[in-house]
Structure formats: C-alpha cells, structure tokens
Amino acid sequence: MRINVLGRLGTLGAVCALAVAGPLATAAQASTQPASAPTRVTVAAIPTVFNLNGTYDVGGPARPVISNVNDVLTVNMSAFGRPNASGTVLAPDLIQVRFPDNGTFGAVLVAPGIIKWSNGTEWRKLTPVPDVIGQTEFDARQILNAAGFGSRVSSPIDRTCIFVNVVRTQSPSAGTLALRGTSVSLVIPREPLDGCPPE
C-alpha cells in the first residue's frame, strides 16, 4: 500500500489552524461565564496510531529517542551531538517537530512503528526482544511473534540433558532493542540418541 505522504502533510496547515482556533474559542467561551465560576481547561492527549515513546533506528549507529507527554514531543538527539528537538502531535497520524539546527518538519505515522518525514527520511521504532530462555519452542515462537519478531531454531544434542526441548540461548539477547521483523536465533537442544540418564 502506497502512502501519499505529501498529501497527508498538506493537511498540516489546516490542523495547525484548528489547533490555534481551539484555544481562542475556549478563551472566548470562558469570558462569557460569570466571574465567580472557576474555569477549567482540560487538554486530552491525541491517541496516535502507535506509541511514539521509544528509541528509533535511522539507518546508522546513532539513535534518537522520542518522549511524548500530553502531545508535546521531545526528541533526544544527543547520540548525534545535536540539540534536542521539540514538537507536537497534530493528529493521530501526524506530528510536527522543530529541530533547532535544521528546521521544522512534519511527519506521517505509519503503524506499527514508522515515522515518514516530509524530507523523505524514515525512522523505525525499535522494540525490546522478549526473554524466551527456558521456554518450549512453541511458547517461544508465540511470545516472539506477539512482539513482532521471527525466529530460527537450531537443535544440537544436549548431553547434559539440562535444556532438552527448551530454549538454552537466544540471539539477540532479551532486552536488546531491535526492529520488528528481526529473526531471533534460538538454540533448543534435543535429547541424545541413547537417552538421558535417569534422575
């Protein structure tokens, strides 16, 4: 499915106008209330198509980190030796971020974790690899698939009979940040042909 990024970003102007008009309208309504009535303005967070908080892959070793608090974005760019950027959520699938050393850019959010910037670049959200050590092959695959990862299995003979038919090692290791779709290598040993010694 092709996504018309420029078309989607074309709505940024309209969304920005609405964002400005909203607070002005609220202020006008508040002024018509009696002076004794307390005014409470609640700003609801816009639910985005995926959780923006996290670390992103941009095609190199340095990785930006996004924090989203009530639709206000902070982008930690220290890994690049650059100043932090700030921005806002404009719609469930639109954000705008100002990079002090590079300008302001809009972006379209594409589930499950892709940011398509108006300058043509893409950021991909990284996900922690689940811990599947000690799990059966079936359970390990289920856990990994649910988190968005694939798996490859090797089954050497385990003469110690300690890890027979369960995951002995995994790579990447648990907690490693990786792209969704990454294949996790699992070592699930099998019993020796002559069997395991009785316990």
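## A buried aspartate in a loop

Let's start with Asp158, which sits in the loop between strand 9 (150-154) and strand 10 (169-171). Strands here are DSSP runs of E with at least two residues, helices are runs of H or I with at least four, and both are numbered from the N terminus. What we're looking at is a predicted model, where local features need pLDDT of at least 70 and side-chain atom pairs count only at pLDDT 80 or more, while totals for chains, interfaces and linings use all residues. Residues are numbered from 1 along each chain as its sequence is written, and side-chain values use heavy atoms, with hydrogens and water left out.

A salt bridge needs a side-chain nitrogen of Lys or Arg within 4 Å of a carboxyl oxygen of Asp or Glu.

## The disulfide

How many disulfides does a search of the whole structure find? It finds 1, formed by Cys161 and Cys196 with their sulfur atoms 2.0 Å apart; the cut-off for a disulfide is a pair of cysteine sulfur atoms within 2.5 Å. This pair links distant parts of the chain, 35 residues apart: Cys161 is in the loop between strand 9 and strand 10, and Cys196 is in the segment after strand 12 (183-187). The link is left-handed, with -95 degrees about the S-S bond.

Cys161 is partly exposed at 22% relative accessibility, and Cys196 is partly exposed too, at 29%.

## Charged pairs

The structure holds 5 salt bridges. One of them joins the side chains of Asp101 and Arg82 (2.9 Å, N to O). That pair links distant parts of the chain: Asp101 is in the loop between strand 5 (94-99) and strand 6 (103-110), and Arg82 is in the loop between strand 3 (72-76) and strand 4 (85-91), 19 residues apart.

Arg141 pairs with Glu137, their closest N and O atoms 3.1 Å apart. These two are 4 residues apart in helix 3 (residues 137-146), so about one helical turn separates them. Then there's a network of salt bridges linking Lys116, Glu122 and Arg124, in which the side chains of Arg124 and Glu122 meet at 3.1 Å, N to O.

## The whole chain

Zooming out, the chain has 3 helices and 12 strands. Buried residues make up 31% of its 199 residues.

Terms used:
Buried means under 20% relative accessible area, exposed over 50%, partly exposed in between (1.4 Å probe, protein chains only).
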